Amino acid sequence: MYSDQDIDAAVAAGAIGADTASALRAHVARQRGTAGADEENFRLLTGFNDIFVAIAGVLLLVGVGWLGGVIHPAIGAAAAAALAWGLAEYFTRRRRMALPSIIFLLAFVGGLLAASATALISEGQLDSESMTSWQAIAITISGIIAAIGAWLHWRRFKVPITIAAGAAAAAGTAILLAIGLIPALQDTAEPLFFILGLGVFGLAMWWDVSDPKRETRRSDVAFWLHLLAAPMMVHPIFWAMGLLDAEPTTAQAFVVILVYVALGWIALAIDRRALLVSALGYVIYAMGSLFQSAGAVGLNSALTAFVIGSALLLLSAFWPKARAAALRLVPDTLGARLPATA
């Protein structure tokens, strides 16, 4: 299986012509009955060897981190981060293996974050209720180090998930810093999550509109950013509705379904399914409550699975037509920058 990046690399190397590449993409789109952009392609596996290397790499990273942690947790985390970079030099830069590249990137950024945090903060429970000003500052420094590390990793290896990892480090640092400096925010952090989620969503759209045909690495970067932004935006919405504290009432359940329909329209318009996946658990819970309140106590789970599964499969089958309908409600200036329908 060849990705769009592989085809672009072949064109750049002179192995095939640009016209041939365009014809190949058009042929695949006609075979699948959908535009290439609608497929939301991203590369996770290049072969079973990816899984083999990923398992071996995880074992090695855990072993090195564990052994180094015997001396000090910061040493173990730093050693794992250094090893992850070294492994990426071969398996990412030379072999271009997808799944191992993702694992080594996450290990590198996570190792930097853990190493700097454990080096700056003395041993003990890091509790937001008793977080000192220094601990908040230390967390901020650690997050900045992790974000800078993600940027350096991106400059070197161009792994698409790197931008999302850096954004996650920055967002998490901002939230912990805010709670550390203003403890009263501990019970009301969800609005901050939502605001940061909107920021990540805006960043994802910036990457997305720069590649409306979704033929370059920029589209993959946007995919991971959308995957990060979706739960950050969806969770606070349902938290504000009180859905997380108790079983939803019939009115709340209907509102959840309406919100899910609205999210579905946004997902169709921008041609990204992450919003639908992120809110899926909430709508399953709400619809199950509706069936239960209607008297289908023993069959509520089965009916919920049947209705939602059928609806999502139908949406997938008729995605291009549904997108065309959704785009009619989008202003022309914005719609022109979104992926075209088949």
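T162 is found in helix 7, which spans residues 161-181; helices here are DSSP runs of H or I with at least four residues, strands are runs of E with at least two, and both are numbered from the N terminus. The model is predicted, so local features need pLDDT of at least 70 and side-chain atom pairs count only at pLDDT 80 or more, while totals for chains, interfaces and linings use all residues. Residues are numbered from 1 along each chain as its sequence is written, and side-chain values use heavy atoms, with hydrogens and water left out.

T162 counts as buried because its relative accessibility is 1%; buried means under 20% relative accessible area, exposed over 50%, and partly exposed in between, with a 1.4 Å probe and protein chains only. The side chain of T162 reaches the backbone oxygen of V159 at 2.6 Å. Apart from neighbours within four places in sequence, T162 is in contact (heavy atoms within 4.5 Å) with L105, A150, H153 and W154.

L196 lies in helix 8, residues 190-209. With a relative accessible area of 21%, L196 is partly exposed. Its contacts, again leaving aside neighbours within four places in sequence, are A171, A174, I175 and M232. M233 is 37 residues from L196 along the chain, and the C-alpha atoms of the two are separated by 8.2 Å.

Next comes a helix pair. Two packed helices are described by the angle between their axes and the distance between the axes. Helix 3 (residues 48-71) and helix 4 (residues 73-91) pack at about 150 degrees, with axes 6 Å apart. The axes are lines fitted to C-alpha atoms, for helices over the stretch in contact, and angles run from 0 to 180 degrees between N-to-C directions. Helix 3 and helix 4 are therefore roughly antiparallel to each other, a label for angles over 145 degrees, whereas under 35 is roughly parallel, 65 to 115 roughly perpendicular and the rest oblique.

On the helix 3 side, the contact is made by residues including V53, L60, L61 and V64; on the helix 4 side, A79, A80, L83 and F91 are among them. The residues of this contact divide into 13 nonpolar, four polar and no charged. Ala, Val, Leu, Ile, Met, Phe, Trp, Tyr, Cys and Pro count as nonpolar, Asp, Glu, Lys and Arg as charged, and the others, Gly among them, as polar.

For the protein chain as a whole, there are 15 helices and zero strands. Of its 342 residues, 40% count as buried. Among contacts with a separation of 6 or more, 67% are between residues 24 or more positions apart.

Conventions:
A polar contact is a pair of N or O atoms within 3.5 Å; within protein, one must be able to donate a hydrogen and the other to accept it, and residues adjacent in sequence count only if both atoms are side-chain atoms.
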